[in-house]
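Subject: Structure handover

Hello,

Here is the structure I promised to pass on. Please open it next to this email; my notes follow below.

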Amino acid sequence: MPATPRRGAGAVRGRRWSWLLLLALATAGLVAVPILSVGSNVFATGQAGTWAHLASTVLPDYIRTTLWLCAGVGLGVTLLGVGAAWLVTRHQFPGRASFEWALVLPLAMPAYVMAYTYTDLLQYVGPVQTALREAFGWKRADYWFPDVRSTGGAVAMFSLVLYPYVYLMARTAFLERGGATLEVARSLGLTPWQGFLRVSLPMARPAIAGGVALALMETLADFGTVSYFAVQTFTTGIYRAWFSLGDRVAAAQLALVLLAFVVLVLVFERLSRGGRRFAETSLQRSGAARMPLAGGRALLAWCACALPLVGGFLLPGGLLLAMALTEGDAQFGERFLRLAGNSVLLAGLTALLAVALALLIGYAARVHRGGAMRWAHRIAGLGYALPGSVIAVGVLIPVTRLDHALAALWQQLFGTHPGLLITGGIAALVYACIVRYLTAAMQAVDAGLAKITPSMDQAARSLGHTPAQTLRRVHLPLLRGSLLTAALLVFIDVMKELPATLVMRPFNFDTLATQAYTLAADERLAEASTAALAIVVVGLLPMVVICRQIAKGQSVSSS
């Protein structure tokens, strides 16, 4: 009897196609719909003269501002993230252990919430400028003060909020690679600063580039900060074209240009890696001994780590808490509970569906290892690279057409008009959020599946279990922690989501994010503090998990 070719551990023998594979491919197709919808409007014609008007007036400003924003944020997150990671991994100074986990806390602070708090602090009638005028007897024309509501202010907000992406990746790279190499460099006479520039930094460059790329994609996706600061970017242009000009084709074309910027960021990240591969040849991964700092150097290191933590979390968090306790939302009560309920409903539905789809795709990729499933897995993970405004436009165009077609069919069959069945509720918004955040769930599920040895699948099959039975009886009990983590990550991301929610929310359906944005846009910053603080508190949940993991890893490495 000829030997049966081996298809890989965990692969299903027999039928090439199955319901599992078909469902996974269909899920990937649904994720691809917004991209195809946006791309189909490249050469479409909308309202007469809209695109020509945009191209001749505001499009150059969008491009110029977006480039400056990306350059400034890229430089800011690199300096803050790499500097903090180098200090806590290679030096010993008072407070280092606390800084190592606390430096990730600014990720819990949405950039638009940061913008509201710093505007209240630094504007002309804010406490800082008021105190300066009272202390020195200045009038308005007697002094200059930087305007926080500017491109530079937006760069500062994004840098303070997004630097943890670079910090986490650089810290891991510094801990895992370069320890033995640094010892060799020191034995050859290199100073610690030369060792950092010539050894550690080049070896960590791929990880740093990945963190910068994540920060830049979040910058391109933001709407609340740039809109509140009146910074002209593509996200504000898409919103204006859709609602002010009423031209969805022009909005889709702007979304396509924004998508091109995302592609450029990904290309930059790939080129920054430079095809380099670094690996430790030693099995010892504890890294080089930390250099003790004392006196002025210890103080400088402490200040360098405290600056991003205070500016990115402690100060805005304290200001929000003070405003919420002293003034707060005048409508706090039944309306606030309804807003919180809407946020929890949207985030909960999205989290449940995203985890289910991530499990479907992840398990299908484990069972079916062909090229079709590999491409489906990649396509399903594209959503996180797309700004929420792009996804909103890409979803609304085909879904609205489908909605009108269904309504016309319903009226033809039953003689009544049912209204908008999909966009009239939150179904389309949930769909957009799933497309945006499915990647986060997939990463957690894939990590959990990778820890399950393929021999368990083979043992289950030898006992006559089908793939569905194996998933239910073997994998699901082992994946409970990973599934909970995936649901938590998606839940928090959707709670903070603003651009897609603003564009796609049905009538009279507001969330905490839209409430905070609306009140802040009306210059009611104190009232916006209650909803903003609630978003930050919920965002602290995954940060607590990350901090515990960092502290646990630190205790293990130091033992």
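In which loop is leucine 421 found? Leucine 421 lies in the loop between helix 16 (388-414) and helix 17 (427-450). Helices here are DSSP runs (H or I, at least four residues), numbered from the N terminus, while strands are E runs of at least two.

First, the ground rules. This is a predicted model: local features need pLDDT of at least 70, side-chain atom pairs count only at pLDDT 80 or more, and totals for chains, interfaces and linings use all residues. Residues are numbered from 1 along each chain as its sequence is written, and side-chain values use heavy atoms, with hydrogens and water left out.

**Surface patch**

Leucine 421 is partly exposed, at 43% relative accessibility. (Buried means under 20% relative accessible area, exposed over 50%, partly exposed in between, with a 1.4 Å probe and protein chains only.) Leu421 belongs to a nonpolar surface patch with Leu402, Leu406, Leu409, Trp410, Leu413 and Phe414. Together they have about 680 Å² of accessible area.

**Aromatic pairs**

The whole structure holds 11 aromatic pairs. (Rings of Phe, Tyr and Trp, its six-membered ring, pair if their centres lie within 6.5 Å; planes under 30 degrees apart are stacked, over 60 edge-to-face, the rest tilted.) One of them joins tyrosine 112 and tyrosine 116: the centres are 6.0 Å apart and the planes at 50°, so this pair is tilted. Both residues lie in helix 5 (residues 111-122), four residues apart, about one turn of the helix. Tyrosine 112 is buried at 5% relative accessibility. Tyrosine 116 is buried too, at 4%.

Phenylalanine 223 and tyrosine 517 are also a tilted pair, with centres 5.7 Å apart and planes at 45°. Phenylalanine 223 sits in the loop between helix 9 (192-221) and helix 10 (224-228), and tyrosine 517 in helix 22 (residues 512-521), so the pair ties together parts 294 residues apart in sequence. Phenylalanine 223 is buried at 3%, and tyrosine 517 at 13%.

Tyr112 and Tyr116 form one aromatic cluster with Tyr228 and Phe229. The charged end of arginine 149 sits over the ring of tyrosine 228, 4.2 Å from its centre. (That needs NZ of Lys or CZ of Arg within 6 Å of the ring centre and within 35 degrees of the ring normal.)

**Threonine 117**

Threonine 117 is in helix 5. Its relative accessibility is 0%, so threonine 117 counts as buried.

Best wishes

Note on methods: Patches are made of residues with over 30% relative accessible area and no salt bridge: like charges are joined within 9 Å, nonpolar side chains (Val, Leu, Ile, Met, Phe, Trp, Tyr) within 5 Å. Accessible areas come from the Shrake-Rupley method with a 1.4 Å probe; for residues, only the protein chains shown count as cover. A salt bridge is a side-chain nitrogen of Lys or Arg within 4 Å of a carboxyl oxygen of Asp or Glu.
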